[in-house]
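I opened this entry to log what I looked up, item by item. The structure comes first, then my notes.

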Amino acid sequence: MPEDRFEVGIIVARRRLKGPWADHAWLPVEALPAAAAAAPGTKLSETEDEARFYAGAYEVTLHPAETAHYRDNLVSGRPSLWVALRGTGEEAYAVASVTADPYEGESMAEGIGEIVEAVPMPPEVQAKLLAYFEAFHVERKFEKRKRDRADPEALARGAPAGRERSE
């Protein structure tokens with residue numbers, strides 16, 4: 001049976017900006033297929049324009065009711081994980097959430113105060129997601145409901161029998 005939860009490691013970047021209001025921005029840039037041995041906050045690399053840090057591990061939970069969403073993600077041409085960062089203090093950010101559901105990722109981006117980015121999904125995570133999809137997906141047939149036909153004489157007949165109209 002495929003597992004319904006697994007850990008990923010998240011890498012964030014502090015990128016230099018050229019605008020007058022801020023000198024840098026934080027954003028998620030990469031997901032690792034498993035938690036790294038490094039401590040959260042470990043600097044991994046630095047260039048003139050960007051510094052990368054290991055933000056830590058986060059557990060991704062899969063739900064059987066969302067398998068169609070996982071399929072949509074896998075066949076999209078760019079399978080992704082959506083990572084949300086939340087400020088924990090001045091110049092400090094922590095991973096708030098990670099999801100493989102593209103629709104949940106879209107809704108996370110609508111919030112205020114969190115930084116949300118879609119990062120490429122590692123092939124190992126894609127394999128786990130595909131195995132979960134194959135084990136739990138149940139195709140649901142879409143049935144369009146039909147409206148009741150309108151009764152044009154209903155207004156002419158007035159109130160149902162036994163009821164008086166109040167005036």
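I count a contact when heavy atoms lie within 4.5 Å. With that cut-off I looked up proline 64. Leaving aside its neighbours within four places in sequence, proline 64 is in contact with Tyr132 and Phe136.

**Ground rules.** I am working on a predicted model, where local features need pLDDT of at least 70, side-chain atom pairs count only at pLDDT 80 or more, and totals for chains, interfaces and linings use all residues. Residues are numbered from 1 along each chain as its sequence is written, and side-chain values use heavy atoms, with hydrogens and water left out.

**Elements.** I took helices (H or I, at least four residues) and strands (E, at least two) as DSSP runs, numbered from the N terminus. The protein chain has 4 helices and 7 strands. I read their order from the N terminus as β-β-β-β-α-β-β-α-β-α-α.

**Overall dimensions.** I looked up the radius of gyration, which is taken over C-alpha atoms; the globule rule is 2.2 Å times the number of residues to the power 0.38. The protein chain has 25 Å, whereas a compact globule of 167 residues would have a value near 15 Å. I also noted the box filled by the C-alpha atoms, roughly 80 × 50 × 25 Å along the principal axes. Among contacts between residues at least 6 apart in sequence, 62% join residues at least 24 apart.

**Surface and charge.** Accessible areas come from the Shrake-Rupley method with a 1.4 Å probe; for residues, only the protein chains shown count as cover. I logged about 11700 Å² for the protein chain, with 50% of that belonging to carbon and sulfur atoms. For charges, Lys and Arg count as positive and Asp and Glu as negative, while His and the chain ends are not counted. Each charge is placed at NZ of Lys, CZ of Arg, CG of Asp or CD of Glu. The mean positions of the 21 positive and 29 negative charges are 7 Å apart.

**Burial.** I use buried for under 20% relative accessible area, exposed for over 50%, and partly exposed in between (1.4 Å probe, protein chains only). Buried residues make up 29% of the 167 residues.

**Cores.** A nonpolar core is a set of buried Ala, Val, Leu, Ile, Met, Phe, Trp, Tyr and Cys residues joined through side-chain atoms within 4.5 Å. Which members of the largest core touch the most other members? I found Val8, Ile10, Leu81 and Val98, out of 23 residues. The elements giving two or more residues to this core are strand 1 (5–16), strand 2 (24–32), strand 4 (50–61), helix 1 (67–74), strand 5 (80–89), strand 6 (92–99) and helix 3 (123–136). Strand 1 gives the most, with 4 residues. Apart from this core lies another of 5 residues, among them Trp82, Ala84, Ala96 and Met108.

I checked valine 8 in strand 1. Valine 8 is buried, at a relative accessible area of 0%. Beyond four places in sequence, its contacts include Leu32, Gly56, Tyr58, Leu81, Val98 and Val125. Isoleucine 10 came next; not counting residues up to four places away in sequence, it touches residues including Glu30, Phe53, Tyr54, Val83, Val95 and Val98.

**Asparagine 73.** Is asparagine 73 buried or exposed? I log it as buried because its relative accessibility is 2%. Asparagine 73 sits in helix 1. Not counting residues up to four places away, it touches Arg78, Pro79, Ser80, Trp82, Ala100, Pro102 and Met121.

**Back to proline 64.** I placed proline 64 in the loop between strand 4 and helix 1. Its relative accessible area is 43%, so I call it partly exposed. Its C-alpha atom is separated by 8.6 Å from that of aspartate 4, 60 residues apart along the chain.

Alanine 92 lies in strand 6. I mark alanine 92 as partly exposed because its relative accessible area is 27%. Alanine 92 touches Arg86 and Gly87, not counting residues up to four places away in sequence. Alanine 37 is in the loop between strand 2 and strand 3 (42–46). At 89% relative accessible area, alanine 37 is exposed. I noted 23 Å between the C-alpha atoms of alanine 37 and glutamate 91.
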